[in-house]
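Reader: I would like to go through this protein one step at a time. Please start with any term that I will need.

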Amino acid sequence: YHRTRDEVDINPFYNAVARLRKRFPDALIVFVRDWYLNGLISYADKSLGRWVDIEEWNKMDGNELPIHSEEYKNKFVQSVQQGIEWTWSEGMKERDHNLFEIASSVNGRIVNLSRPDNVLDFPPYRYFFADDGHHLSNEGHKDIARRVSRLVKTVGIHPNPRLGSWDETGRDVCVSWYTTGECPLPYSGEGVRMDNWFARKFALTFPFGHMDGVISFTNPTSTLMDLYMDYMSNGPLPGYYPLTEIIVESQWDGVAPAQIKRVYIDPSEPYSVHVVKPAFIATLPPGPYILRIRPVEPNKEHPFRIVGINLSDPSNRFNTPEVHIVEPNDCVDVLDLRDPSAAPPLGSKLSLFHYMDPKTTEVKKKKKGHERTTNHEKIESYVCDNVYNSNA
């Protein structure tokens, strides 16, 4: 859903589909526009002074009902009779517009999951969804499949499709073990393992409290390439994956290992999602490297999960704001400007969620000529307190 609403996700989406079209110039590219109950159906609650979505409403009286039950349907009907004015999320219009523009950019077609125009007519459509009101059920998948099938029969498939390159040079290197559990790259570290954490979903897991885990890889091309790392991200906040430090080191023959880049990845989302996200790490010349992975936030429900590594032409670069650069010198700004009463004891290992409150710490709003986001301030404060200072 947010992939077609947030600018930071929309731009890479354009990039991805443009590259697909370049690779498959004669293909029929189909975009599936689905929807879901929880999060997209809501009402304005005057007593609370905010919007309440249907999932929260179903839990408010302490009697959460299964969405497919007759009792749930009756509860919804009674809420309408009691004056609740349900509506579709305003964001759906924006999403529909953005998806249309993205599909049009590559002459693609859009297939829609069946949805009523009037939100009050949604109860019969509950059966398109699993029990969580978010993922599709078998019936939902069948509805999409039937619509795609009809589209293919109507439009047809090119009898002799051409095959182009991924980019001007065809240099991309993409390694993913997300659906196979087979990682061709050497990896090591205490507690590091390949985990089949969900049906047909795999990840290399890096637990908190151990020495760095390591993944070895090579830029096999003859030119500079952008390194991206694919990881699991979860929301809503505070999420259940830890803030994690990533260090890239060179391993060139005859040269002592050197740190190329140190970044921090925040795998938490403001939305109720569980998705794979890419993180731009560094631009690297040809040669061998290692990634050092170290979670720095304790007491999270799951270890940090990595599902792939990609090398891409820098001309296709896109922004990944979940990646944060925090240097030791940055901590001087944080410590100088913060109210001493707000500073936690060094090494206290507070959760990153502690830093969500803007009153917790005060830092400069501008630095190095650019505006800093509240999220970066949160990450910077946490790293300064719990990584650099606790290591001192």
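Author: One term comes up later: a charge sits over a ring if NZ of Lys or CZ of Arg is within 6 Å of the ring centre and within 35 degrees of the ring normal. The model shown here is predicted.

Reader: Over the ring of which residue does the charged end of Arg115 sit?
Author: The atom to look at in an Arg is CZ, and the cut-off is 6 Å from the ring centre. The charged end of Arg115 is 4.9 Å from the centre of a ring, and that ring belongs to Trp88.

Reader: How are the rings of Trp57 and Tyr72 arranged, stacked or edge-to-face?
Author: A search of the whole structure finds 17 aromatic pairs. In the pair of Trp57 and Tyr72, the ring centres are 6.3 Å apart and the planes stand at 75°. Planes over 60 degrees apart fall in one class, so this pair is edge-to-face.

Reader: Which helices hold Trp57 and Tyr72?
Author: The two residues are 15 residues apart, and the pair links distant parts of the chain. Both Trp57 and Tyr72 are buried. Trp57 is in helix H2 (residues 54–59), and Tyr72 is in helix H3 (residues 70–81).

Reader: Which residue lies over the face of Trp57?
Author: Trp57 is also part of a cluster in which ring pairs link Tyr43, Trp57, Tyr72, Phe76, Trp86 and Phe122. Over the face of Trp57, at 5.0 Å from the ring centre, lies Lys75.

Reader: How are the rings of Tyr231 and Phe304 arranged, stacked or edge-to-face?
Author: Tyr231 in strand S11 and Phe304 in strand S16 are 73 residues apart. Tyr231 counts as buried because its relative accessibility is 0%, and Phe304 counts as buried at 0% as well. The rings are 5.9 Å apart from centre to centre with 20° between the planes, and the pair is stacked.

Reader: Which residues touch the most other members of the largest nonpolar core?
Author: In soluble globular proteins, nonpolar side chains tend to be buried together. The largest nonpolar core here has 29 residues. Strands that give two or more residues to this core include S9 (201–206), S10 (213–219) and S11 (225–234). The members that touch the most others are Met229, Ile281 and Leu291.

Reader: How many residues are in the second core?
Author: This core is separate, and among its members are Tyr36, Ile84, Trp88 and Phe122. Its number of residues is 26.

Reader: Is Thr320 buried or exposed?
Author: Thr320 is found in the loop between S16 and strand S17 (323–324). The side chain of Thr320 reaches the backbone nitrogen of Phe280 at 3.0 Å, and Thr320 also touches Pro278 and Ala279. The cut-off is under 20% relative accessible area. At 7% relative accessibility, Thr320 therefore counts as buried.

Reader: What percentage of the residues in the protein is buried?
Author: The protein has 7 helices and 19 strands. Out of 392 residues, the buried part is 45%.

Conventions. Residues numbered from 1 in each chain as written. Predicted model: local features only at pLDDT ≥ 70, side-chain atom pairs only at ≥ 80, totals over all residues. Heavy atoms only, no water. Core = buried A, V, L, I, M, F, W, Y, C linked by side-chain atoms within 4.5 Å. Buried < 20%, exposed > 50% of the residue type's maximum accessible area, 1.4 Å probe, protein only. Helix = DSSP H or I, 4+ residues; strand = E, 2+ residues; numbered from the N terminus. Phe/Tyr/Trp six-rings, centres within 6.5 Å; stacked < 30°, edge-to-face > 60°. Polar contact = N/O pair within 3.5 Å; in protein donor to acceptor, adjacent residues only side chain to side chain. Contact = heavy atoms within 4.5 Å. Lists of a residue's contacts leave out its neighbours within four places in sequence.
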